[in-house]
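Okay, thanks for coming, everyone. Have a look at the screen first.

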Amino acid sequence: MRHVDFSPLYRSTVGFDRLFTMLDSLAQPESAQTYPPYNIERTGEDAYRISMAVAGFSEADITIEAHRNVLSVKGERKDEGNGEGTEVLYRGIASRAFERRFQLADHVEVSGAFLKNGLLHIDLKRNVPEEMKPRKIAIATAPAKAAKQIEATTTN
């Protein structure tokens, strides 16, 4: 795969270094990590849900941590003995430890998580602060005195 050099863009942009780093990391192949499988859904205008298949893991085995626009989900099962006198002949149910990381956009926060029927659901919500939302600026008519001054400067 080709590597893109973003260094010329660093000279003419301010504050986009995180974006270029993220684009560069997306181009790198993820070490073929496919476990556990997951879905990302949009559940509303500013709401999302990540669903991960974590069959065999309990709430105590899973750790969810959000830090600086990165959501980390870690799972590690404690060894539960198979019981006295039993022997596993074939192990097809995966119980290996895992760690998944998700890059979150600015102002996206984890609003909750729950485990149901072997699926871990993590709800996300985008909360854009009021001062960052676009606002409409009303155009007022100029007072009569200011209008005459503007008119006088444009005719000269």
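So, which residues do ring pairs link into a cluster? They are Tyr 35, Phe 57 and Phe 98. Before I go on, please keep in mind that this is a predicted model.

Phe 57 and Phe 98 pair edge-to-face, with 5.3 Å from centre to centre and 85 degrees between the planes. They come from distant parts of the chain, 41 residues apart: Phe 57 is in the loop between strand 2 (47-53) and strand 3 (62-67), while Phe 98 belongs to strand 5.

If you search the whole structure, you find three aromatic pairs. One of them joins Tyr 38 and Phe 102; the ring centres are 5.1 Å apart and the planes stand at 85 degrees, so that pair is edge-to-face. This one also ties together distant parts of the chain, since Tyr 38 is in strand 1 (residues 38-44) and Phe 102 is in strand 5 (residues 98-103), 64 residues apart. Phe 102 is buried, with a relative accessible area of 7%, whereas Tyr 38, at 34% relative accessibility, counts as partly exposed.

If you want a spot to look at on the screen, find Lys 74, which stands opposite Glu 99 in strand 5. The sheet here is an open one of three strands, in the order 3-4-5, with antiparallel pairing. Strand 3 and strand 5 are its edge strands, each pairing on one side only. On average, neighbouring strands of this sheet are turned by 15 degrees against each other, ignoring direction.

Let me zoom out a bit. The chain has three helices and seven strands, and from the N terminus on they run α-α-β-β-β-β-β-β-β-α. Of its 156 residues, 18% count as buried. As for contacts with a separation of 6 or more, 52% of them are between residues 24 or more positions apart. The accessible surface comes to about 12,700 Å², and 53% of that belongs to carbon and sulfur atoms.

Most residues other than glycine have a negative phi. Arg 68 isn't a glycine, yet its phi is positive, at about 50 degrees. You'll find Arg 68 in the loop between strand 3 and strand 4, and at 73% relative accessibility it counts as exposed. His 107 also has a positive phi, near 70 degrees. His 107 has its place in the loop between strand 5 and strand 6 (108-116), and it is partly exposed, with a relative accessible area of 28%.

That's what I have, so over to you.

Technical notes: Residues are numbered from 1 along each chain as its sequence is written. This is a predicted model: local features need pLDDT of at least 70, side-chain atom pairs count only at pLDDT 80 or more; totals for chains, interfaces and linings use all residues. Side-chain values use heavy atoms; hydrogens and water are left out. Rings of Phe, Tyr and Trp (its six-membered ring) pair if their centres lie within 6.5 Å; planes under 30 degrees apart count as stacked, over 60 as edge-to-face and the rest as tilted. Helices (H or I, at least four residues) and strands (E, at least two) are DSSP runs, numbered from the N terminus. Buried means under 20% relative accessible area, exposed over 50%, partly exposed in between (1.4 Å probe, protein chains only). Two strands pair if DSSP finds at least two bridges between them. Axes are lines fitted to C-alpha atoms, for helices over the stretch in contact, and angles run from 0 to 180 degrees between N-to-C directions. Contact means heavy atoms within 4.5 Å. Accessible areas come from the Shrake-Rupley method with a 1.4 Å probe; for residues, only the protein chains shown count as cover.
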